[in-house]
Amino acid sequence: YMTDTGAVTIAQAVRSGPNQLTSLDLSANQIGLEGVGALAMMLRSNHSANLRELKVGWNTFGEEGAMLLLDAVASSGRLTVIGLDGLDLGDAVAKELEEVIRSESSRLTKMELCCNSFGEEGRATIVRAVDSSWRILGCDMRSNNMSLSEWTVLRQALARNRRVLTSRGPVASQPVNAAQSEGEGNPNAAEVPQPGSRARAPVSVIRHGHEEL
């Protein structure tokens with residue numbers, strides 16, 4: 001498992017000079033506050049200008065680290081995909097997510113938020129944020145005790161956003177092909193993944209251009 005030391009090393013490498021890094025997956029590790037703080041600094045660096053996808057779910061930095069990261073996401077305005085699964089996030093993070101989504105500089109199109117601890121207020125905040133922004137095309141909220149009505153509003157908002165994107169054609173900073181939302185179909189069946197169905201991410205994946213290192 002990667003610890004803070006590994007995350008800091010990667011962040012420093014990205015900040016050290018121009019690169020073509022577009023996707024970084026550090027899910028399912030042991031990254032704490034020091035490591036995620038370094039990643040937040042990396043996002044603010046001009047040398048991370050090509051980075052569009054960051055996945056850091058199933059680590060140990062929790063809500064405090066997620067807030068640090070989301071503040072950097074908002075200020076950089078570059079990421080289109082953020083993965084924050086399995087971090088025991090609550091309603092305070094949901095509010096921060098809403099602010100990021102509503103920010104005029106935000107380019108987020110997909111959020112991976114399954115297996116957290118959002119309460120009724122937090123779930124309502126996220127659903128409201130997605131419903132208020134045509135940019136969000138995918139939002140994985142499985143295993144957050146979503147109600148049928150919450151799933152319905154979320155699915156309808158995502159479907160509407162895809163229709164809007166299709167009607168407008170490709171938009172700068174938006175992917176041409178709309179990502180499929182998570183948790184579609186039977187909302188109750190999607191709420192609890194079947195045993196063995198949860199795919200854990202590799203320890204670390206760095207995509208450099210079209211090559212996976």
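Visitor: Where in this predicted model is Cys 115 found?

Guide: Cys 115 is in the loop that lies between strand S4 (110-112) and helix H5 (120-131). Its phi is near 60 degrees, a positive value in a residue other than glycine.

Visitor: Does Cys 115 count as buried or exposed?

Guide: The cut-off for buried is under 20% relative accessible area. Cys 115 has 14% relative accessibility, so Cys 115 counts as buried.

Visitor: Which other residue has a positive phi near 60 degrees?

Guide: Asp 88, again a residue other than glycine. Asp 88 is in the loop between strand S3 (81-83) and helix H4 (91-102). Asp 88 counts as exposed because its relative accessibility is 52%, and exposed means over 50%.

Visitor: How are two packed helices described?

Guide: By the angle between their axes and the distance between the axes. In this model, H5 and helix H6 (residues 148-168) pack at an angle of about 20 degrees, and their axes are 9 Å apart. Angles under 35 degrees count as roughly parallel, and H5 and H6 are therefore roughly parallel to each other. The crossing in which H5 passes H6 is left-handed.

Visitor: Which residues make the contact between H5 and H6?

Guide: From H5 come Glu 120, Arg 123, Ala 124, Val 127, Val 130 and Asp 131. H6 contributes Glu 150, Val 153, Leu 154, Ala 157, Leu 158, Arg 160 and Asn 161. By class, the residues of this contact are seven nonpolar, one polar and five charged.

Visitor: At what angle do helix H2 (residues 33-44) and helix H3 (residues 62-76) pack?

Guide: About 5 degrees, with the axes of H2 and H3 8 Å apart. H2 and H3 are therefore roughly parallel to each other as well. Among the contact residues are Leu 33, Val 36 and Leu 39 of H2, and Leu 68, Leu 69 and Ala 72 of H3. The contact of H2 with H3 has nine nonpolar, three polar and three charged residues.

Visitor: How should I read a strand?

Guide: In a regular strand, side chains alternate between the two faces of the sheet. For strand S1 (residues 21-25), start with burial: four of its five residues are buried, so S1 is largely enclosed by the rest of the structure.

Visitor: How many bridges join S1 to strand S2 (residues 53-55)?

Guide: Three, and the two strands run parallel.

Definitions and conventions. Residues are numbered from 1 along each chain as its sequence is written. This is a predicted model: local features need pLDDT of at least 70, side-chain atom pairs count only at pLDDT 80 or more; totals for chains, interfaces and linings use all residues. Side-chain values use heavy atoms; hydrogens and water are left out. Buried means under 20% relative accessible area, exposed over 50%, partly exposed in between (1.4 Å probe, protein chains only). Axes are lines fitted to C-alpha atoms, for helices over the stretch in contact, and angles run from 0 to 180 degrees between N-to-C directions. Angles under 35 degrees count as roughly parallel, over 145 as roughly antiparallel, 65 to 115 as roughly perpendicular and the rest as oblique. A crossing is left-handed if the near helix is turned anticlockwise from the far one by less than a right angle, and right-handed if clockwise. Contact means heavy atoms within 4.5 Å. Ala, Val, Leu, Ile, Met, Phe, Trp, Tyr, Cys and Pro count as nonpolar, Asp, Glu, Lys and Arg as charged, and the others, Gly among them, as polar. Two strands pair if DSSP finds at least two bridges between them.
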